[in-house]
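Subject: Structure for you to look at

Hello,

Here is the structure I promised to send over. Please open it next to this email and follow along.

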Amino acid sequence: MITEEDRFRDYLKKKGLKFTPERELILKEVFSCHKHFDVEELFRRLRKKDRAISRATIYRTLPLLIESGLIRDALRCRDRVYYEHVFGHPHHDHLLCIKCGRAIEFRDERIEKLQNEVCKKYGFEPIEHRLGIKGYCRKCQKKS
Ligand SMILES: [Zn+2]
Ligand SMILES: [Zn+2]
Ligand SMILES: [Zn+2]
């Protein structure tokens with residue numbers, strides 16, 4: 001079975017880039033947790049392991065992880081970008097609470113099918129899509 005490290009090493013090799021200790025550290029941290037994350041959270045987690053790591057290094061490394069097909073920027077909320085794993089995870093879409101930030105993952109075959117039908121209608125060949133619905137989750141509706 002191919003691991004995320006195999007995939008990343010492969011990608012870096014093709015690009016003529018090295019699998020540096022920093023890249024390895026970031027890859028491992030990103031794949032140590034399966035929840036959505038943003039740069040600040042990742043930075044805090046990495047800082048505990050390596051005081052020398054900088055945000056700039058993270059900002060430079062994330063595009064490599066995206067390009068290699070390991071992660072994607074899945075959600076945007078209040079100027080923040082939340083990433084998630086693509087590698088090893090089946091496709092899904094999101095409901096995002098703009099109050100507490102909770103992201104509910106769902107997959108509905110009717111919606112998936114409908115999107116394919118729309119593409120067909122326009123002679124369009126789909127590669128990927130991200131569907132995100134913003135609003136208030138059950139808990140946050142009760143509070144307000
Ligand atoms: Zn979908
Ligand atoms: Zn909420
Ligand atoms: Zn997700």
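Start with one side-chain pair. Arg76 and Asp73 are joined by a polar contact of 2.6 Å between their side chains. Bear in mind that this is a predicted model.

Stay with Arg76 for a moment. Arg76 belongs to strand 1, which covers residues 71-77. Is Arg76 buried or exposed? Its relative accessible area is 51%, and Arg76 is exposed. The cut-off for exposed is over 50%. Setting aside residues up to four places away in sequence, Arg76 touches Val81, Leu96 and Lys134. Arg76 and Leu46 are 30 residues apart along the chain, and their C-alpha atoms are separated by 22 Å.

Now the whole chain.

The protein has 144 residues, and 33% of them count as buried. There are 6 helices and 5 strands. Read from the N terminus, the order is α-α-α-α-β-β-β-β-α-β-α. The C-alpha atoms fill a box of roughly 45 × 45 × 25 Å along the principal axes. Look at the contacts between residues at least 6 apart in sequence: 48% of these join residues at least 24 apart.

Next, the metal site.

Which residues coordinate the zinc ion (ligand 3)? The donors are His36 (NE2), Glu84 (OE), His92 (NE2), His94 (NE2) and Glu105 (OE), at 1.8 to 2.2 Å. Along the sequence, these donor residues follow the spacing H-x47-E-x7-H-x1-H-x10-E. His36 sits in the loop between helix 2 (21-30) and helix 3 (39-49), and His92 sits in the loop between strand 2 (80-85) and strand 3 (93-97), so this pair ties together parts that are 56 residues apart in sequence. Both His36 and His92 are buried.

Take His36 on its own. Its relative accessibility is 19%, so His36 counts as buried. The cut-off for buried is under 20%. The side chain of His36 makes a polar contact of 2.8 Å with the side chain of Glu84. Another polar contact, of 3.0 Å, links the side chains of His36 and His94. Beyond its neighbours within four places in sequence, His36 is in contact with several residues, among them Glu41, Leu75, Tyr82, Tyr83 and Ala103. His36 and Ala103 are 67 residues apart along the chain, yet their C-alpha atoms are separated by 8.1 Å.

Now Glu84. Where is Glu84 found? Glu84 is in strand 2. With a relative accessible area of 3%, Glu84 is buried. The side chains of Glu84 and His92 are joined by a polar contact of 3.0 Å. Once neighbours within four places in sequence are left aside, the contacts of Glu84 include Phe37, Leu70, Ile71, Arg72 and Ala74. The other zinc donors, His36, His92, His94 and Glu105, are also in contact with Glu84.

Then a pair of helices.

Helix 1 (residues 4-15) and helix 4 (residues 55-67) have axes that come within 10 Å and cross at roughly 105 degrees. The two helices are therefore roughly perpendicular to each other. Which residues make the contact? Helix 1 brings Phe8, Tyr11, Leu12 and Lys15, and helix 4 brings Leu64, Leu65 and Glu67. These residues divide into 5 nonpolar, no polar and 2 charged.

Move on to Ser68. Ser68 lies in the loop between helix 4 and strand 1. Its relative accessible area is 6%, so Ser68 is buried. A polar atom of the Ser68 side chain lies 3.1 Å from the backbone oxygen of Leu65. Leaving aside neighbours within four places in sequence, Ser68 is in contact with Arg7, Phe8 and Tyr11. Phe8 and Tyr11 also take part in the contact of helix 1 with helix 4.

One last stop is Cys119. Cys119 lies in helix 5 (residues 109-121). At 16% relative accessibility, Cys119 counts as buried. Not counting residues up to four places away in sequence, Cys119 touches Phe124 and Pro126. Cys119 and Gly135 are 16 residues apart in sequence, and from C-alpha to C-alpha they are 27 Å apart in space.

Best wishes

Definitions and conventions. Residues are numbered from 1 along each chain as its sequence is written. Chains are lettered from A and ligands numbered from 1 in the order in which they are written. This is a predicted model: local features need pLDDT of at least 70, side-chain atom pairs count only at pLDDT 80 or more; totals for chains, interfaces and linings use all residues. Side-chain values use heavy atoms; hydrogens and water are left out. Donors are N, O and S atoms within 2.8 Å of the metal (3.2 Å for Na, K and Ca); water is not among the atoms, so sites may look incomplete. Helices (H or I, at least four residues) and strands (E, at least two) are DSSP runs, numbered from the N terminus. Buried means under 20% relative accessible area, exposed over 50%, partly exposed in between (1.4 Å probe, protein chains only). Contact means heavy atoms within 4.5 Å. A polar contact is a pair of N or O atoms within 3.5 Å; within protein, one must be able to donate a hydrogen and the other to accept it, and residues adjacent in sequence count only if both atoms are side-chain atoms. Axes are lines fitted to C-alpha atoms, for helices over the stretch in contact, and angles run from 0 to 180 degrees between N-to-C directions. Angles under 35 degrees count as roughly parallel, over 145 as roughly antiparallel, 65 to 115 as roughly perpendicular and the rest as oblique. Ala, Val, Leu, Ile, Met, Phe, Trp, Tyr, Cys and Pro count as nonpolar, Asp, Glu, Lys and Arg as charged, and the others, Gly among them, as polar.
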